[in-house]
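Dear colleague,

I am passing on to you the structure shown below. My findings follow directly after it, and I would be grateful if you could read them alongside the coordinates.

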Amino acid sequence: MEIKKELLRRIPKIDEILAQPQAAQAMAQGKKAAVTQAARQAAEQLRSRILAGETPEISVEAAAALALEIAEENSRMNLRPVVNGTGVVLHTNLGRARMSHEAALAAMEAAESYNTLEYDCRQGRRGSRYAHVESLLCQLTGAEAALAVNNNAAAVMLILGTLAKNRQVVVSRGELVEIGGSFRVPEIMEQSNSALVEVGTTNKTHPQDYERAITDQTAALLKVHTSNYKIMGFTEDVPLEQLAEIGRRRGLPVIYDLGSGALTDLAAYGIESEPTVQQAAEAGADIVSFSGDKLLGGPQAGIIVGKKAYIDAMKKNPLTRATRIDKLTLAALEATLRIYLEPEQINEKIPTYQMLSMPLEEMEAKGRRLMAKLADIPGLHCQLAEDEGQVGGGSVPTQMIPSRVVAMRHESVAPDQLETRLRLEPLPIVGRISKDRYLLDMRTTQEEYFDTIAQSVAKATAQRGREERE
């Protein structure tokens, strides 16, 4: 107890920490408030460690160095870039789709300047924010009209709240999916004030199930693409074409929540059974909704395309204002859609498709270049290995994508230690562990970060020696 009291008395005062040359220099550079706050945190951290039974170095020089470390950490953006070495192209936790340079530039220009968000230059009067992308979406999908809101859950809520408020919507029990963050289709329907009518069973739904459920209270038929899971085996569902025929015959709109929403055929990338928005429209869906930041490869958005009468009704719904997208999203979305006007540019300009189309030979070459930068790190052994990645983002869940990884094993640093240390770097590096190796997948690991990766791995593997000396 006496030792603890003595150590506590020796903790430098805040003024003493701030008087140290390195701290004073940082304050002179306009960081007075940040360094002062960090000095308080450093003193408190030392106090906590002592009370926990540790004996940290408590000189004023060490306290000042700690304060500057804390100040640097505090100054980092919470939302910041990471290295995605997981092999998951659309990683929900890591921001889903990487946007194109064109989309990022468009968003930056919209942020830095006044713009035509709701101004019609030709008419010299107020315009519609939705007009910036509506004609593009119609051109790309063949739809009569289009609307964009802030995400696909909002799109579904707006559709149901407009077309089925206080009425019934028929949907297959096998399509009542749960999306990210534990949000479920039935709950979204409830919030839209529409009544859910479940038909069929978990694994089988037949056309007559829909037919029997239709009453004078039925407002629409809803189909949900199970883009984040698959039911295998003894299964049957009603194809969209057949459901659309039932809707036409009974005078009911057919709504298709497509989820991921590709505008290009994924079969070219070896990915089967993922419908495109165009195919959904051709199959007879009256309204189709999908996400902007999944297979489209753009910003987060909920995109609605379909019959003009229905879209026009949605535009008049007050919920549209509550779910509308801002100028940055609109700018990025428009720039993304314009790339699709020239199909040969998709693989070149949209990062999602750059990664999905990357040949194994290119990944192998990338892996060798990364290993060359890691070659001089003591105790580190690397090899290029075969592995598999995923599309991710709730898309094509059953299909793995052949990939190549740089597999690392260190003589004295365990893979889980390496994973933790790299994840805690100023530029976090997120990989995965398999077969007692730390892996970075070359499909998703950006080469512009290779030098930083090498520096971080060197630092992380040298840490063991420092710990032993201390």
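Strand 9, helix 11 (residues 277–282) and strand 10 form a right-handed β-α-β unit. Please bear in mind that this is a predicted model. Within the unit, strand 9 (residues 254–259) pairs with strand 10 in the parallel sense, over 4 bridges, and Asp257 has Ser289 as its bridge partner in strand 10. Strand 10 also pairs with strand 11 (residues 302–306), here in the antiparallel sense and over 5 bridges. Ser289 takes part again, with Ile304 as its bridge partner in strand 11.

Strand 10 (residues 287–291) is largely enclosed by the rest of the structure, because 5 of its 5 residues are buried. Both of its faces are covered: Ile287, Ser289 and Ser291 are buried on one side, and Val288 and Phe290 on the other.

Leaving aside residues up to four places away in sequence, Leu221 touches a set of residues including Val170, Tyr210, Ile214, Leu243 and Ile255.

I turn next to the charged residues, for which the count comes to 28 salt bridges.

- Arg47 forms a salt bridge with Glu44, with the closest N and O atoms 3.0 Å apart. Both residues lie in helix 3 (residues 21–51), 3 residues apart, or about one turn of the helix. Arg47 is partly exposed at 33% relative accessibility, and Glu44 is partly exposed at 41%.
- Arg126 forms a salt bridge with Glu118, the closest N and O atoms being 2.9 Å apart. Arg126 counts as exposed, at 64% relative accessibility, whereas Glu118 is partly exposed, at 23%.
- Lys223 forms a salt bridge with Glu175, again with a closest N and O separation of 2.9 Å. Lys223 lies in strand 8 (residues 218–224) and Glu175 in the loop between strand 6 (168–172) and helix 8 (185–191), so the pair ties together parts that are 48 residues apart in sequence. Lys223 is buried, with a relative accessible area of 6%, and Glu175 is buried too, at 5%.

Finally, salt bridges with shared partners join Glu118, Arg126, Arg129 and Arg324 into one network.

With kind regards

Conventions: Residues are numbered from 1 along each chain as its sequence is written. This is a predicted model: local features need pLDDT of at least 70, side-chain atom pairs count only at pLDDT 80 or more; totals for chains, interfaces and linings use all residues. Side-chain values use heavy atoms; hydrogens and water are left out. Contact means heavy atoms within 4.5 Å. Buried means under 20% relative accessible area, exposed over 50%, partly exposed in between (1.4 Å probe, protein chains only). Helices (H or I, at least four residues) and strands (E, at least two) are DSSP runs, numbered from the N terminus. Two strands pair if DSSP finds at least two bridges between them. A crossover is right-handed if, with the strands pointing away from the viewer, the path from the first strand over the helix to the second runs clockwise. A salt bridge is a side-chain nitrogen of Lys or Arg within 4 Å of a carboxyl oxygen of Asp or Glu.
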